[in-house]
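Trainee: Could we go through this structure together, one question at a time?
Mentor: Gladly, let's have it on the screen.

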Amino acid sequence: MFYTIIEQVVNGIVSGSVYAIVAVGMTMIFGVLRAINFAHGEYYMLGTFGAWFAIEYFDLPYPVAIVIGVVATAVIAVVVGNFVMQRIVGAPAEAGVLATLGVALILQNTVILVFGGSYKFFSGGYIEPVTLFGFTLAEQRILIIIVGLIVFVGLELMVTYSRMGKAMRAVSQNIECCAVVGIDVRHIALWTFILGAGLAALSGVLTAPVNVSVYGGMGELITFKTLPIIIMGGLGNVRGTFVAAMILGIAESLVATYVGLQFRDTVGFATLMLVLMWRPHGLFSAQARF
C-alpha cells in the first residue's frame, strides 16, 4: 500500500507540473492585465494541434514539433494580444471576461472547423518506460517534471534580474505609476501575454503523448482546472501557483485511485473551497505578485 501511495504521489507531481506550466502563464497575465484569461486553455490546445500537424503532415521529429507548436501559438498570441489583450489594460473586469470568452470561442471553433471535431491520435513523444528507485515511469513523464522545474527556475531568474522581468513586476504592482515614469504598459502587457500563451502551448505539447489523443475542445477542461490553481496560489503569485498546482495534481491522483476516477475533476474546486475557508486570499498573499 505504501508503494501505491508513493506511486500516486509521483503521478500527481507529473500532473502538477503540467498544471503549473499552464497556470503560471495565466497568473502572470492576471498580474499584469488584471484580467482572468478564459481563453488560456485554447493556447494549450493550439500548441498541441501545431505539434500534431507537424508530425502528421510533415513527419517531423517530436523535438521539432514542440518548437513549431509553441512558435505557431506565439504568433497567434501576437495577433490576439495586439487586437484584444492590449485593449483591456485598465478596462473593467467584465470587459476582460467577455473579451477572453469570445477569443476562446473563436479559437476553439476555428480549430474544429479546420481539423474536424473528432479525436486525433498523437504519435510523437517518448513513451518508453524507465525504472528509477523502484518506480516505473514513461520517459515523457520524466521530461514533463524536468521541464516544469526548468520553467520555474527560468521565470524566477527572469522576473528577478532581467529588465523585462522587473518591468512586469512593476506593472503588476502599480500600472499608473509605471505609466508616469515612462514604462510602456501596453508593451509589457503584450509580451506577458505572449509568454503566458507560449507556456500553455509548451504544456500542451508535452502532455499530448501522455494523453495520446487531441481534439478541439480539450482547452476548456484545462482552463477550468487552472482557475482553482491561480486562486489558491493567490492571484498573480507565481510561487503560490507552483505550490497550488502540485497540491491539486497530487490530490487528483490520490482521489482517482482511492475514491473513484469519476471524482477526479471535482477535486480542484473542492480543494479551492477548503483552502479559501482557511486562507481567504489564497495560500500566498495576492500582494506578493511574482
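**Salt bridges and pockets**

Mentor: To start us off, this is a predicted model, and the structure holds 4 salt bridges.

Trainee: Which helices does the salt bridge between R239 and E156 tie together?
Mentor: In this pair, the closest N and O atoms of R239 and E156 are 3.0 Å apart.

Trainee: Is E156 buried, partly exposed or exposed?
Mentor: Buried would need under 20% relative accessible area, and exposed over 50%. E156 has a relative accessibility of 24%, so by those cut-offs it counts as partly exposed.

Trainee: And E252, is that residue buried or exposed?
Mentor: E252 forms a salt bridge with K225, with the closest N and O atoms 2.5 Å apart. That pair links helix α10, where E252 sits, to helix α9, which holds K225. The relative accessible area of E252 is 1%, and the cut-off for that class is under 20%, so E252 is buried.

Trainee: Which residues do salt bridges with shared partners join into one network?
Mentor: K225 pairs with E252, and K225 also forms a salt bridge with D265, at 3.0 Å between the closest N and O atoms. D265 lies in the loop between α10 and α11, 40 residues from K225. Through shared partners, the network joins K225, E252, R264 and D265.

Trainee: Now the pockets, please. Which element gives the largest share of the lining of the largest pocket?
Mentor: The largest pocket holds about 540 Å³ of space. Among the 24 residues that line it, S15, Y19, T207, N211 and R264 are the closest to its centre. Elements giving two or more residues to this lining include α5 and α8, but the largest share, 6 residues, comes from α1.

Trainee: How many charged residues are in the lining of the second largest pocket?
Mentor: This pocket has about 260 Å³ of space, and L46, F49, G50, I76 and F115 are the closest to its centre of the 16 lining residues. By class, the lining has 13 nonpolar and 3 polar residues, and the number of charged ones is none.

Terms used. Residues are numbered from 1 along each chain as its sequence is written. This is a predicted model: local features need pLDDT of at least 70, side-chain atom pairs count only at pLDDT 80 or more; totals for chains, interfaces and linings use all residues. Side-chain values use heavy atoms; hydrogens and water are left out. On a 1 Å grid over the protein atoms alone, a cavity is a set of points where a 1.4 Å probe fits but cannot get out, and a pocket is an open set with protein on both sides within 12 Å along at least five of seven lines; lining residues have an atom within 4 Å of a point. Grid points are joined across faces, edges and corners, and a volume is the space filled by probe spheres set on the points. Helices (H or I, at least four residues) and strands (E, at least two) are DSSP runs, numbered from the N terminus. Ala, Val, Leu, Ile, Met, Phe, Trp, Tyr, Cys and Pro count as nonpolar, Asp, Glu, Lys and Arg as charged, and the others, Gly among them, as polar. A salt bridge is a side-chain nitrogen of Lys or Arg within 4 Å of a carboxyl oxygen of Asp or Glu. Buried means under 20% relative accessible area, exposed over 50%, partly exposed in between (1.4 Å probe, protein chains only).
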